[in-house]
Amino acid sequence: MSDVQLYLLEANANNKTGALEIAARTATKLQQRTLKLIDLVTSLEPHINDKDNGSIRANSVAYLADVIAALPLKVLSMQERRLLCDFILGRLEGDTEGVGASARALLALEALGKWDSSTAQKVLRTFVNNTHPLRQFKLQTERYAVVQLIDLLLAKYRDAMRELHDEDHEFMSGFISYWEGEKDPRNLMIIFSLLQVPMTEWDVHAHAQDLFDSVFNYFPITFKPPPDDPYGITSQDLKNRLRDCIAAISDFAPYAFPQLLDKLDSTSMNTKRDVLQALQACIADYEAKTINLYSVTLWDALKFEVLNVQEEDLAEEALKALALIAAKFSDYGEGPLNAYLRPVIKECNEHLEDAPTKQSEAAGRILHALVGSAPQAADKVSKGILPVLFALYNGSESITKRRGLLEALNQITAAHVKLTEQHPGTDCRALQTFAGDAVDAMIRALISAPKSEVSFRMASLTGVAQLVSVPGVLSDKQIDQAVDTVTNLVLHEQLQGHGDIRTPAIQALSSMALNVPQTVRDRSVPAFMVELPDVLEGNSVPAAVLEAFAQLASERQIFETVVLRLKNKLRSARHQAASRAYQRALLFAILYAFTFGSPARDDGVIRSAYYADYAEPLASDFVKDVSSETDLVAADVVGRISNIILRSQSVHFQSTMYHKNLEWLSPGEDAADTAKQRAEHVTPFLLYYYAAMRPGVVDAAEVVGLLKQQAVSALSVGNSSQASATTLRLVSLLVNKFANPKTMQAILAETGLEVDTLTRDGSSPQAVQAAFAVTKGLLVQGKSGALTTRYLQSLLSLLSTSDSTTAHHFTTLLVPDEILSKENHCLISGLYKQKLFNQAIPLLTAAIRTATPLQKPAYLIALSGLLRHLPYSILSPSLATLTPPLLQTLDLTSTSDITSPAAADQAVKTSALIIFESALMHDPSLLAEHTSSLVTRLLNSTASPTNGASVRAKALQCLALVPRQLKREAVVPYRRQVVRRLLACLDDGRRSVRGEAVRCRTAWLGLDEGGEEED
Amino acid sequence: MEADKDNVNPTIINPSDLPSRRRSAPTAKRAGLFDALAPAYPSLADGLSSPEASSSEPSSDEEPEEIDEQEVYDLISTISDPEHPLSLGSLGVVKLEDIAILPPTSARSRISTVTVLVTPTTSACSLTTVIGLGVKVRLVNALPPRFRVDVRIKPGTSSTAGEVNKQLGDKERVAAAMENKSLVNVVNNMLATCE
């Protein structure tokens, strides 16, 4: 049998790979010259002309296409290629069977050698003339090949294709209707893209309507990709391409705008969304001259989307479109811009007349969009609106009305702020004309309007801050006044809670510090200093003033001024023996400034000079000087300030500082008592100081010494809880960061911190705590896996005999500690939480199953404690095994063990409830089998007084998720019971719990819409 | 599309002028900015004093918080108007001063009464009944059973006040209204924005 017969057999049996192999074999023969092209074509003859069977004819062409595709370059001569091309095209004229294969064959031929213009033209003409319309071919793959071929022609043979159109005026209409009725997204993606060539490069003015209609027929795209669509075409892809077509040339405008605006009245929000985006594209891409013809029509249609908001995003898009029109005209000429803005200004002025209404608010948004679009528009809008706005303002006594007008003004000013950032040097003269009056009115409002007019004063405050931010619209004197007024608000307004204007005033002052730093420095800072005396009577602290002052440090421009003033204030307060509370507050303010403010940075690293300027003097005042009254808090705060400055410095800088400081940091030769007192005093500082150090800076021997010292302190009895907490954190830090993993066990043994020893029977509570601290350091480090595992098991074995206090310690292993962080150069294993989970949780769940009722609470508490700080993603795979013990956790009653404080038991329950909440959100199906016990236990957890308010609220939140997340039929049986029992929660003593109860009950009532509404 | 609204362009109250609990109850103790900076002693010393365990409920159940007018206001002010995507509070349809809680009439009774007066945006607002119904349904569902809910139209603000008050006061008619599918849908849509 000949190759073609074999191919036809395989093709008939739908064996694609088999068929391709045969074609490849033929190609090899051609290449080796054992087969001549002429013989190949002759062998095709009986099949390609088969009178009775179309599919044989089609497959014969497919064979030819596959053979050509398998040929390498240069096997066929140019003449042979032309011959084949003519052969295929000649066939098409008489028989369109195998049109897809023909297109593939031509694509393959073209890949073997470029065509000349006339061939390319002939190919396109043959297809358009003989296979018109394309939709007659039912198979998408066939059409797809044709689409690809024509796409190639339009991409590579642009001039030749354009000639076709230039020479034959009939051609275009045939070409346009050729695609009619195509529905497949894969084909459409290419058609939309290839149509852009004639649209943008050919003279299609006469065909604009047909061409436009041919693509607009697809608007709006409603295509939804099937699930698991292998082609990955989204409806957004199609929308984008279609939009590019619609916006391709200005000639479309007479058809595009009326039809798009017509569709803007659609009731479908998605259609409106598409329309608005298409309009934006048209406005951006069409010529200004064209837009000019439609600008007022567009305004008349688009304004409704803003005046009567249906969906917020639609309003935003409409505003964008309105702004684009204004921007389009900004370089085009006065006339069109005026013509467009005139009706806008007129209508906005009308809406402002009855401010504050929904529509005056909308007018404000429109003005904001237009002013922000371009300097020219900003100028014209301001000139048109501001005189009217101020006439209205002065003509009304109503504060409500004035507030509405100010809000509109603020929109205009805010747009100016944006505009001057984008186009520095923008002329804001129109705004400037009224800025003086505006700022005077607002300052008056801030000073003398009744405090209860919250929104009026807020609007004034915003306005003042914004006007200061537009360069050049206010005189120096007005800026001074504005800064004074806002400073005054910050210093003297006392109202808390609702109507609090201080918080926004502080923000306003910071934002003004960005634009007029010198004025703030000259006027506000001294005013603050007046409120901060060196010494205060009694124990009162001007906390509000200090807080506000520290917040100003968030502005880079005045950071230095703020911290310097704070430091000097602290020094004089200290010299004059001010109260400890005041000194602390000043320290806190400095810490706040360094933590949340904007200190200077060199190459992204905080400036090292701050160490000598701030950290060292503070340390020598509050830490070094042991003779002073011990203040652990001060040592802690100074430690943190040093930490922030020091931790990102280079090894060289750190090491220099460290050796300079070592002298007073290391324990001296004092008597035992002083040494102990000194250690306790310095430890909080040491904790942060060592946290800041890079690992290479500190010598190993020093670490051992330090650990030894801390071990002694950790194991001694009678320390305050703060002191021992600090010591234990330092132990964790040192173990994690400085101890070499290889010698870890030796170091621990040498320093008396071996966990096995610490947890031996009858060990003291201090020893157990130290054991947890060491294990935590190792666990987070993740370098000594075997050792950590052994220690963890020692700790777990404590549970079988111990009371709940030890069990509660388990949560400390995972509790996040800011000191153990990458910023502090600690070793943080990426997987330590998973590791701990995998090692400890199976043991615990197994133990819970076999534990005696007396032992069980300890295990449950430990489990819940460990889970508390685990991300949900880690524990969700094990949810099935965790659910039963967690449900039991909810049954724990604090009365069973009076030694542990109730708060801890509440935390255990809260932790379980939070897990249930996440599980209900993410994996409700896993909880389905426990629905009954879950609902009962959640209901029980809402009862007071055995459950704290936060547990009750959390339980109600979980319970509210049950009807939403679980299957309807699974929860409906509980509806009656839940709705009834929730009545009691509606009368809960705590307001927050009642709020949750209302939400929860609404969720359950919603289960049975339309049925019995009340019980 | 706009023409069928009774009041196309209602006045809107700025959110910061709406009554809220934060104004009515100036908190005695304020959380200072620096409190978060004060040294916390988490973890190891005693896991028992870890922040979330202790901070959330300072004096928890000792001092009960009574249900007051503000709480009732918060329950109903977030209901949305059937015509505008705006809340009843911001439209001034429900006002704090038009809510009254009357204590039990006798020492033996536990039943308190909540009276809410509703102000329609225009005197001819045809949706007044629906708004009243929404308020009533919300309160009946959200208040404990020891409260009797009385929703009425504020005198002199609606041309149909008498008729509407009769409907809202009649238990049977309210129940019958809630059998009406389309009415239930309208009410549910109004309540959907409630927190």
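**Reading the strands, helices and loops of a predicted model**

Reader: In which sense do β2(B) and β3(B) pair, and over how many bridges?

Author: β2(B) and β3(B) pair in the parallel sense, over 7 bridges. Two strands count as paired if DSSP finds at least two bridges between them. The elements themselves are DSSP runs, numbered from the N terminus: helices are H or I of at least four residues, strands are E of at least two. One residue pair here is B:Leu117, which stands opposite B:Arg152 in β3(B).

Reader: What kind of model is this, and how are residues, chains and ligands labelled?

Author: This is a predicted model, in which local features need pLDDT of at least 70 and side-chain atom pairs count only at pLDDT 80 or more, while totals for chains, interfaces and linings use all residues. Residues are numbered from 1 along each chain as its sequence is written, chains are lettered from A and ligands numbered from 1 in the order in which they are written.

Reader: How does β2 of chain B pair with β1(B)?

Author: β2 (residues 112–118) and β1(B) pair in the antiparallel sense, over 5 bridges. B:Ile99 stands opposite B:Val116 in β2(B), and B:Leu102 has B:Thr113 of β2(B) as its bridge partner.

Reader: What describes two packed helices?

Author: The angle between their axes and the distance between the axes. In chain A, helix α6 (residues 99–112) and helix α8 (residues 140–156) pack at an angle of about 35°, with axes 7 Å apart. Their crossing is left-handed; that term applies if the near helix is turned anticlockwise from the far one by less than a right angle, and right-handed if clockwise. Contact (C-beta atoms, placed from the backbone, within 7 Å) involves, among others, A:Gly100, A:Ala103 and A:Leu107 of α6(A) and A:Ala145, A:Leu149 and A:Leu152 of α8(A). By class, the contact has 8 nonpolar, 3 polar and 3 charged residues. Ala, Val, Leu, Ile, Met, Phe, Trp, Tyr, Cys and Pro count as nonpolar, Asp, Glu, Lys and Arg as charged, and the others, Gly among them, as polar.

Reader: At roughly what angle do helices α24 and α25 of chain A cross?

Author: α24 (residues 476–492) and α25 (residues 502–515) cross at roughly 145°, and their axes come within 8 Å. The crossing is left-handed. Residues making the contact include A:Val483, A:Val486 and A:Val490 of α24(A) and A:Ile506, A:Leu509 and A:Met512 of α25(A). That contact divides into 9 nonpolar, 1 polar and 1 charged residues.

Reader: How do the axes of α19 and α20 of chain A lie?

Author: The axes of α19 (residues 358–371) and α20 (residues 375–395) come within 8 Å and cross at roughly 145°. A:Leu367, A:Leu370 and A:Val371 of α19(A) meet A:Ala377, A:Ala378, A:Val381, A:Ser382 and A:Ile385 of α20(A). The class count is 7 nonpolar, 1 polar and no charged.

Reader: Which peptide bonds are cis, and where do their prolines lie?

Author: Cis bonds include the one joining A:His132 and A:Pro133, with omega about -10°; A:Pro133 is in the loop between α7 (117–130) and α8 of chain A. Another runs from A:Phe219 to A:Pro220, with omega near -10°. A:Pro220 lies in the loop between α12 (208–216) and α13 (235–246) of chain A.

Reader: What is phi of A:Asp603, and where is the residue found?

Author: Phi is near 50°, a positive value in a residue other than glycine. A:Asp603 is in the loop between β1 (601–602) and β2 (605–606) of chain A.

Reader: How many helices and strands has chain A, and what does the C-alpha trace span?

Author: Chain A has 51 helices and 2 strands, and its C-alpha trace spans about 115 × 85 × 75 Å along its principal axes.

How values were computed
Axes fitted to C-alpha atoms, helices over the stretch in contact; angles between N-to-C directions. Contact = placed C-beta atoms within 7 Å.
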